[in-house]
Amino acid sequence: MLNHKHTIFVTSTSLLICFIANFILIYISLFHSKQIQGTYKIMVVMFSTLGFLFSVSEFIARPFSHNYNRALILFSINDWIPSNNFLEIAIPIWMTFYLLIISFIGIQFVYRYLCLFHSTKIRYFDGSGKVLWISYLMIPAICYCVAFYQLLRPNDDSDEYLRNIIRENYDLEISTVARYILIPYSDTNTLQWKTLSLFIAAGTIMIIQYFIVIFFGVKLHLRMKEKLRQFSACQVKFQSQIFKALVTQTVGPTLFLVLPSAPFFLATLLSPYIDMEINWQTGWLYSFIGLYPIFDSIAFILIVSEYRKYVRSKLFCKTNKYPREFGSRISIRAVQFINTATVSET
């Protein structure tokens, strides 16, 4: 099996590409986009920044995991930061980005729905309303980060249970690495509710966010066609692109963040009922999880024509054939849709 330290190449390369892709997306959003304005521009920039910070936190924490029967250990293989105390904080922060990303997608779906069908209510997202939806994102995430740090800290029993496994697989002494250990069952296969409560809390938050995404996503899909009949052709095209970008932003974290890691957490929960020994190096998964921010940013640039054409004009050094596209304002805010009906089609 490949040495676990080889993941540094994938992690470093992902961070570099992520920086380039997110820089381009943020730069266009802030200085060249005329179609995306107001609160939604802030959301696009924040979401892109969040993806980049996720990659940075992964690069710093260098998380790796191992499943051994009823235990799952998440530990850092960072060998250039000598402080274990720092890495013990970096790991739960990295985990917290999971919830932040999914929650942010839910917020965007709600905002898009209100823009199209309840334009007067988007005032709750503007001005002081920004504090409310940012608090909605941050408060559960901070609580989860603190709970992760407190509930999954190792003890003598958990270290002893995994000491030989870590030494055999990674040639490491378990007490010398920053680590968190999830053991939902005792030696007698009795549930340890203190540890399981973190599972339940994280699962509940994820289910709520996916419910919001699916609920408002389906409503948008069913009602958009009828609503867009009121708009010009270029507005229809633009709104369709934004909806596709939102759907892609949901697919990305689902494929790269949620689905790959779920089986390994489930294997730990179901270990007493599985008639087989579990001894898996599952940390390789996190090297590919880091590809998510790249997927998200590039997909957004390719889907939204204003971004795509700007990048194409710079790459091929061509003069923009659609000069009015960047000079015409098609705001994301619903109250401005009708007033821009004369904007030329992009």
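The model is predicted, so local features need pLDDT of at least 70 and side-chain atom pairs count only at pLDDT 80 or more, while totals for chains, interfaces and linings use all residues. Residues are numbered from 1 along each chain as its sequence is written, and side-chain values use heavy atoms, with hydrogens and water left out.

The secondary structure comprises 11 helices and four strands. Helices (H or I, at least four residues) and strands (E, at least two) are DSSP runs, numbered from the N terminus. The C-alpha trace spans about 70 × 40 × 35 Å along its principal axes. Of the 346 residues, 52% count as buried. Buried means under 20% relative accessible area, exposed over 50%, and partly exposed in between (1.4 Å probe, protein chains only).

Helix α3 (residues 84–117) packs with helix α7 (residues 233–270) at an angle of about 160°, and their axes are 11 Å apart. That makes α3 roughly antiparallel to α7. Angles under 35 degrees count as roughly parallel, over 145 as roughly antiparallel, 65 to 115 as roughly perpendicular and the rest as oblique. Axes are lines fitted to C-alpha atoms, for helices over the stretch in contact, and angles run from 0 to 180 degrees between N-to-C directions. Helix α7 also holds Ala267. Ala267 is buried, at 8% relative accessible area. Its C-alpha atom is separated by 8.1 Å from that of Asn67, 200 residues apart along the chain.

Six salt bridges occur in the structure. A salt bridge is a side-chain nitrogen of Lys or Arg within 4 Å of a carboxyl oxygen of Asp or Glu. Glu160 and Arg163 form one of them (2.7 Å, N to O). These two residues are three apart in helix α5 (residues 156–170), so about one helical turn separates them. Glu160 is exposed, at 52%, whereas Arg163 is buried, at 18%. Arg163 also meets Glu173 in a salt bridge (3.0 Å, N to O). This pair is 10 residues apart and links helix α5 to the loop between α5 and β3 (179–182). Arg167 forms a salt bridge with Glu173 as well, with the closest N and O atoms 3.0 Å apart. Through shared partners, Glu160, Arg163, Arg167 and Glu173 join into one network.

A nonpolar surface patch consists of Leu16, Ile17, Phe19, Ile20, Phe23, Tyr27, Leu30 and Phe31, with about 800 Å² of accessible area together. Patches are made of residues with over 30% relative accessible area and no salt bridge: like charges are joined within 9 Å, nonpolar side chains (Val, Leu, Ile, Met, Phe, Trp, Tyr) within 5 Å. Accessible areas come from the Shrake-Rupley method with a 1.4 Å probe; for residues, only the protein chains shown count as cover. Phe19 lies in helix α1 (residues 7–31) and is partly exposed, at 44%.
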